[in-house]
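Biologist: I am new to reading models. Could you walk me through one?
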Amino acid sequence: MSKVMIHPSTYENVRQAVDRAFEIFPVELKGKKVLIKPNVLRSSRAEEGIVTNPAVLRAVVEKVETMKPASIIVGDNPGLFNYGANEESFRSAGLIEAAKGYYQNIGNDSRKVDFNPAFLPTVNVSRAVLDADIVISLPKFKTHGLTVMTGAIKNSYGILPGAQKAWLHKESGGPVRFQEILVDVFRLRVPDLFIMDAVVGMEGNGPASPDLRDIGLILASDNAVAMDAVVATMMGCEPGRLRTLQKARECGLGDYDLSTIEVIGELKPLPDFKLPPFSGEVLLHNEAIQTLIHNRVIMRPHADPDLCTGCGTCIDQCAVSALSMGDDNIPRVDADTCISCFCCQELCPEKAITLK
Ligand code: SF4
Ligand code: SF4
């Protein structure tokens, strides 16, 4: 039976929850090469709640240090085109300082591994991930417009450096297949322990929404499927409706049925939790709506002129060149080209992009 720890915590006393997580889920780290992977979506300030909070990272690093590993690396591949932005993404949120000298740009070195031939025959995975004896994943409790939630499984998408993530977004062609790809990536190197920052979570139009939610919890598990099932339940979303969890169960990675999960702590749904506005968990099972999505009828990015600074980041980073700058210095989307990958929304530094 899988276990998930739910432990009350603030950022000030997070070490207690981290210690408890290691008690419940003991891992032998002595003499091992340890990779600690926070969720670093992009450059942001810690208080924006977009990335794993530095207090959580620091507590995990300090705990791991006491366990005498051979080496520690703290790293992630932020966003979809992180060339040159890796260090800045960590620095802006205080994560380099929290990493206590163990930060490394893991996007600079990778190794090719076999993947799903339906999408890409091979992908490059950060060498630091593949070389690690132990991988500790530090996801963030957040919603996500494309996958409803972003949690333990999706945090592993960051083991892919560079533009591969965008290619896979593009090749997936829609939310259901994209969620299956997430599991395919996750399977390339299943982490050994998950410690989730749910002290401050995100609801609404994630993964870079301004709607933060004080939750006051740290979650931990050695099984991502169980952890994500608990998170979905807290969000008010029935876990079995998420294609990510269905596929993960089909692959033998765990079970999302709560009767198979021992919850250590109190599991209760968060009242009036705001899921993404277009109700992704409903869309995921409706083939007719899937076809509509694929036919580019719904869900298009829209830049808010009051927030957009005309920086052009979204245009540069759209994998299929669906965005162009209008005469008013506000980006416009070509609906026939856009594949609804939401990458522009994730990466807009002004949070100016909504989905309509
Ligand atoms: S990234 Fe955001 S702020 Fe920059 S041009 Fe695009 S919508 Fe505007
Ligand atoms: S416009 Fe945005 S949502 Fe559409 S394909 Fe480009 S990055 Fe993806």
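Modeller: We will go from domains to helix pairs to the ligand. Keep in mind that this is a predicted model.

Biologist: Start with the whole chain. Into which domains is the chain divided?

Modeller: Domain 1 covers 2-281, and domain 2 covers 296-355. Taken over C-alpha atoms, their centres are 26 Å apart.

Biologist: Now the helices. At what angle do H1 and H2 pack?

Modeller: For a helix pair, look at the angle, then the handedness, then the residues. H1 spans residues 14-24 and H2 spans residues 54-65. Their angle is about 50°, and the axes are 9 Å apart. So H1 is oblique to H2. The crossing is right-handed.

Biologist: Which residues of H1 and H2 meet?

Modeller: H1 brings Val 14, Arg 15, Val 18, Asp 19 and Phe 22. H2 brings Ala 55, Val 56, Ala 59, Val 60 and Lys 63. By class, that contact has seven nonpolar, no polar and three charged residues.

Biologist: How do the axes of H8 and H10 cross?

Modeller: Helix H8 (residues 175-188) and helix H10 (residues 243-250) cross at roughly 45°, with axes that come within 8 Å. H8 and H10 are therefore oblique to each other. This crossing is right-handed. The H8 side of the contact includes Val 176 and Leu 182, and the H10 side includes Arg 243 and Ala 248. The contact residues divide into four nonpolar, two polar and three charged.

Biologist: Last, the ligand. How many residues surround ligand 1?

Modeller: The shell has 13 residues. The closest are Cys 308, Cys 311, Thr 313, Cys 314 and Cys 348. By class, the shell has eight nonpolar, four polar and one charged.

How values were computed
Residues numbered from 1 in each chain as written. Chains lettered and ligands numbered in written order. Predicted model: local features only at pLDDT ≥ 70, side-chain atom pairs only at ≥ 80, totals over all residues. Axes fitted to C-alpha atoms, helices over the stretch in contact; angles between N-to-C directions. Helix = DSSP H or I, 4+ residues; strand = E, 2+ residues; numbered from the N terminus. Parallel < 35°, antiparallel > 145°, perpendicular 65-115°, else oblique. Left-handed = near helix turned anticlockwise from the far one by under 90°. Contact = placed C-beta atoms within 7 Å. Nonpolar A, V, L, I, M, F, W, Y, C, P; charged D, E, K, R; others polar. Near = placed C-beta within 6 Å. Domains from an automatic or database assignment.
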